[in-house]
Amino acid sequence: MKTEDLYSLFRQHPAVSTDSRNIQPDSLFFALKGPHFNGNAYASQALEAGASFAIVDEAEYAVHDRCILVPDVLNSLQNLAWHHRGQFNIPVVGITGSNGKTTTKELLHSVLSRQFNTLATRGNLNNHIGVPLTLFQINAETEIAVIEMGANHQKEIELLCSIAQPTHGLITNIGKAHLEGFGSLEGVMKGKKELYDSLSINNGIAFVASGHARLREMADGLPHVVWYGTDASCDIRGELLETSSHLVFSWSKKPAAKQGPEGIRGNSMANRQVSGGQVSGGHRSGRNGADDPLTIHSALSGAYNFENLLAAVCVGDHFGLSPEVIKKGIETYVPANNRSQEVQQGSNRLILDAYNANPGSMEVALRHLASRPEPKKAAVLGDMFELGDFSDQEHASVIRLVEELGIQPVLLIGPQFFRHRKSADSMLFFEDTGSAGDWLRNHPLGDALVLLKGSRGMRLEQLLPLLDV
């Protein structure tokens, strides 16, 4: 079946399901395959559960007249999402980066949705399946879409851009994430740059943090750039005022006559916006000039989140939101889902940042913990995944950093950390989260500021009840 014909069917049944255990009524079920499952085997079950049609790619499972046989189900899903995206002439902001993607996406949604009907990636649906599922949510009322794009190898961002067709883009930063797939830091740069390459080909607009030399290098030659950072010549300039608990910062906008940070090539688009997918003049309130900074009190902690906040300001300003609306959008955003959260649990103050971890995010989280004024500080750290041949040296680097910062006590959890148990007598090593939990039951930790940081697979959130003392 051609994509156009499948799309006609989608318009009659505008919902997509990929899990036979959670079928939306009157949906199209796409029988995807994984390492440990074959969705084709559940096509009949999906139809019985309420799906209107099942898209399969193995003939033996096309046993019902409502089964549609295609050469490749995943490819059909992606092509259908691409076709659906093409029906809407709206701005699409693509976001990728080694750290801070989801937080930045949530901030952008909080800001933009105060003025526009804004669709944003739900949760962490940022891969070759999640991006298509997000794009299917675009409808006639959608005015802007914010699409998070994750990757663990090269060409993945290129694929996601070919499907989502971003008109705008933002790379949060470049760091040592997914080194197993990217191979090196240079490989990470090349993979993330695929977003900039897409924007360049399609005459799109990039929002670039001027304080990152790698991003400046990658952005060289882009046709349209909006710069944000602490440099006085940035289109959007910010200053971090408080970091002790929640971040407080001010921002201002430079006069339109100036063009980006000195020595950085690229065209400033601070006074332009995309409307209907085309570059056109944008509304500006004119109230927040270079000499009129506006102060914002955020609910985020950690100086490393400053650029994420400034990115939200930059994007909001670009699309014509007033400083007051931007301020309200940021100040009403409260982090959740174990990302840069701070919660009081019993006598402990917890910094919950345990959704993901890599060497870069681990370092900034530890330095933030060490900088806090609380007298008693502790760290509960889990293994960092997908580092490949770099795993041993990067986990050893974290241990050295903890020693340098003088944080005590420190619980290091997981087989990668456990391999180094003889290298640091002052730290506690555990092979798994369960073992760490047993120790906490017998040695309650109280009256402390506690950082929980590790890769998602470590499930450090299981330790939260044991820290409620």
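**Reading salt bridges in a predicted model**

Guide: Asp-438 is partly exposed, with a relative accessible area of 44%. Please note that the model is predicted.

Visitor: With which residue does Asp-438 form a salt bridge?

Guide: As a general idea, side chains of opposite charge can pair when their charged atoms come close. Here the partner of Asp-438 is Arg-441, with 2.9 Å between the closest N and O atoms. Both residues belong to helix α15 (residues 433-442), where they are three residues apart, about one turn of the helix. Arg-441 counts as exposed because its relative accessibility is 52%, and the cut-off for exposed is over 50%.

Visitor: Which parts of the structure does the pair Lys-253 and Asp-317 tie together?

Guide: The side chains of Lys-253 and Asp-317 form a salt bridge at 3.3 Å, N to O. Lys-253 is in strand β14 (residues 246-253) and Asp-317 is in helix α10 (residues 306-318), so the pair ties together parts that are 64 residues apart in sequence.

Visitor: Are Lys-253 and Asp-317 buried or exposed?

Guide: Both Lys-253 and Asp-317 are buried.

Visitor: Where do Arg-419 and Asp-392 lie?

Guide: These two side chains, Arg-419 and Asp-392, meet in a salt bridge at 3.8 Å, N to O. The pair links distant parts of the chain, 27 residues apart: Arg-419 is in the loop between α14 (415-418) and β22 (428-430), and Asp-392 is in helix α13 (residues 391-405). Arg-419 counts as exposed at 55% relative accessibility, whereas Asp-392, at 33%, counts as partly exposed.

Visitor: Which residues are linked in a network of salt bridges?

Guide: Glu-342, Arg-349, Arg-372 and Glu-374 are linked in such a network. The count of salt bridges comes to 20.

Key
Residues are numbered from 1 along each chain as its sequence is written. This is a predicted model: local features need pLDDT of at least 70, side-chain atom pairs count only at pLDDT 80 or more; totals for chains, interfaces and linings use all residues. Side-chain values use heavy atoms; hydrogens and water are left out. A salt bridge is a side-chain nitrogen of Lys or Arg within 4 Å of a carboxyl oxygen of Asp or Glu. Helices (H or I, at least four residues) and strands (E, at least two) are DSSP runs, numbered from the N terminus. Buried means under 20% relative accessible area, exposed over 50%, partly exposed in between (1.4 Å probe, protein chains only).
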